[in-house]
Each structure stands twice: as C-alpha cells, then as structure tokens.
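Work through the exercises below with the sequence and the model side by side. Each task is followed by a solution that goes step by step.

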Amino acid sequence: DDMGQDERAFQARIDEGIKIEAKDWMPDAYRKTLIRQISQHAHSEIVGQLPEGNWVTRAPTLKRKSILLAKIQDEAGHGLYLYSAAETLGVSRDELLAALHSGKAKYSSIFNYPTLSWADMGAIGWLVDGSAIINQIPLCRCSYGPYARAMIRVCKEESFHARQGYDIMMSLCKGTPEQKAMAQDALNRWWWPSLMMFGPSDAASVNSAQSAQWRIKLFSNDELRQRMVDQTVPQIEYLGLTVPDPDLKFNAETGHYEFGEIDWSEFNNVLKGNGPCNRERLQTRVKAYEDGEWFRDALVAYADKQAEKQAA
Ligand code: FAQ
C-alpha cells in the first residue's frame, strides 16, 4: 500500500484505541478533517444560540426565562471549548471566525430555521439537543484527545438541555388544547430538520469512510439517525402527539422504526446558504462581532498594561 511508515504507525495506534494528542505526529489530512469538523461544531454552538435568543425576552415565566438564559450561556461555553480544541491543531481562532463571518465555513443546518412560538424552545431542547447528544456521546471516545475530552462536559450539559426541552413539551401537552396544538406545530416543523442534523445518507457521505478509519466517527450518519428515531417516537407517543411522517411504522422483526424519505433537496439548499434564516443568522453574528470590537480591544490594552507593569 501507499501508506508511509509514520502513517502506518499512526493508524496502528488508532486501531489500538490510543488517543492522539496535540503534539503527536499526525497525517495532514487527519489534522485538516478535525479542524473542519471541530470548527463547524464550534460555529454551530455559537450560531445555535440565536434561535433560542429570540425568545429570552418573551419566556412565559421568570423561571422559564432564567433556565433558557442558562441554557444559551452553556452553548456559548461549548463553542469556546470547541474553538480551543481546534486551536490545539494549529489554527487560530481569528482564522476560524473569519471563515464563519465570510460565509465560507459551515455550521449545522438546523440553526437556519426560525423559532415561531414558545413551543419551539421545547422542541429545540428535546429534539435538537437530543440529536446533538446522540451524535456526541460516541465523540467522547473519538481518537483525538482534546476533542474527546471536551465532549464529556458538553454531553453532560446537553442532557440537562434535552430534559428542560421535554419538560416544556410536557407542560404544553398537559395544558389547554391551544397549548397542545402549539406543541404539535413545533414538532411538525422541527422533526425533519432534526433528522437532517445527522448529515447526508451514508451513501452520499463523502467524509465517512476516512473518518471511520481514523475513529473520528464510530457510527455512521444513518445509524445515529435511526437511533434518534427509535428513541424519540415513544416520547412523542407519551406526549400524545403525532409523528409528522405518514410512512413511519414499527418493524417488529428488526425492532426499529422505519421512516419516510428525507427531503434531501431541502437539506442541500440549506447547506448552500438558502435556508429560511441563513442570511439573518450570519448578519447577526457579524454585527455582534463588530459591535464587540471595542471590548476585545480594551481586553488587549488591559493585558498589555498589566504585562508592562509586571516588566517594570
Ligand atoms: N449541517 O461527509 P459528511 C449543537 C456537511 S449540535 C450542515 O457526512 P461528516 C448543539 C459536512 O460538514 C450541531 N452541514 O460529513 C446545540 C460535509 O461538508 P464539508 C453540531 C452538514 O463531517 C443544540 C458535507 O455535509 N454538531 O450545535 C450537516 O463526516 C442546541 C458532507 O457530509 C456537530 O457538528 C448538517 N447537518 O459528518 C447548540 C457534531 N451534515 O465539511 C445550540 C460534530 C453534514 O465536507 C442549541 N460533527 N454536513 O464541506 C459531526 O459529527 C459530523 O461533522 C457530521 C457530518 C455528522 C455533522
């Protein structure tokens, strides 16, 4: 084969389950794919604050408001751990942010959908954070040490988020018929985009084979998507809601739910920047970054002054 000696030794370590650390030798393509995935993941956490930010001032009670604020703040923290993990691979945070702000970098498709009612806060916590957990639990065991370790805390916090989302859904479903209808409407709008979070079908997933060989991916996109459906359908039934998929049926032989075809043209359209909120999300991020310039400058000026004092 055409693997060099370094690369063979590297793959052997991965096959043995030994973690790769920042200062270890690694193939350029491994470094590149990790920078790609970890930075997209970081951007998702940061842009992912925006749909929920839309409801902070309109939360129905002070308790719900403080929970939502804490949840959104957790997402900012996740973004920061992930940017730090990406930086261990030799890329700067400024470069990563520039790629996000110019529209060059991807972030999760799910955050390009609008949040139209309070019930969407329930649906996002339950379905979006729920899907994020299913995708991220295996990443706690991925081959790159700094990424794997960051995922452990992220997953713990995401499980609080998923429970708070389901708690909102339970309250609405036990409420008035109007409240239950809001819950159903939110489920109808977030169900399919949540299934798309897991990425293209295995047949269309260009990065999967290599990422599986490097143990960045321990399960395929379709395997994790199936896990999400199997886990969530009983929760939908418990709420007394209807899965917005006429083709959904339980297969008693396999023990899995079979589900309808995902609208891949919608997915690809969102990835190309043409989802319902792509432009608005990016504009909001860029404005926040520009508005924060004076603050970043002040931090640097302060740090410089402290260093001068120390030197004197
Ligand atoms: N959206 O060959 P694959 C959260 C891209 S959770 C946009 O299968 P891969 C928590 C993919 O990048 C959300 N793009 O790629 C939260 C690639 O493009 P590229 C973030 C997508 O990497 C909750 C191309 O399609 N989670 O933020 C999507 O092997 C609530 C081909 O796809 C993560 O990022 C998509 N849905 O597998 C925050 C988890 N799917 O780069 C706030 C880590 C695929 O070649 C509120 N990432 N693409 O130009 C992963 O596990 C993987 O990157 C996958 C994609 C599974 C997402």
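**Exercise 1: the cysteines**

The structure holds zero disulfides, a disulfide being a pair of cysteine sulfur atoms within 2.5 Å. This is a predicted model, in which local features need pLDDT of at least 70 and side-chain atom pairs count only at pLDDT 80 or more, while totals for chains, interfaces and linings use all residues. Residues are numbered from 1 along each chain as its sequence is written, and side-chain values use heavy atoms, with hydrogens and water left out.

**Exercise 2: the ligand**

Task: find which residues are closest to the ligand, and which polar contacts (N or O atoms within 3.5 Å) can be listed.

Solution: First, 35 residues surround the ligand (a heavy atom within 4 Å), and the closest are Gln40, Lys106, Ser109, Ser205 and Lys217. Second, a polar side-chain atom of Arg36 lies 2.9 Å from a ligand oxygen atom, whereas a polar backbone atom of Val206 is 3.2 Å from an oxygen atom of the ligand. Third, a backbone N or O atom of Met196 lies 3.4 Å from a ligand nitrogen atom. Finally, the ligand taken alone exposes 1,100 Å², of which the protein buries 90% (Shrake-Rupley method, 1.4 Å probe).

Key: A polar contact is a pair of N or O atoms within 3.5 Å; within protein, one must be able to donate a hydrogen and the other to accept it, and residues adjacent in sequence count only if both atoms are side-chain atoms.
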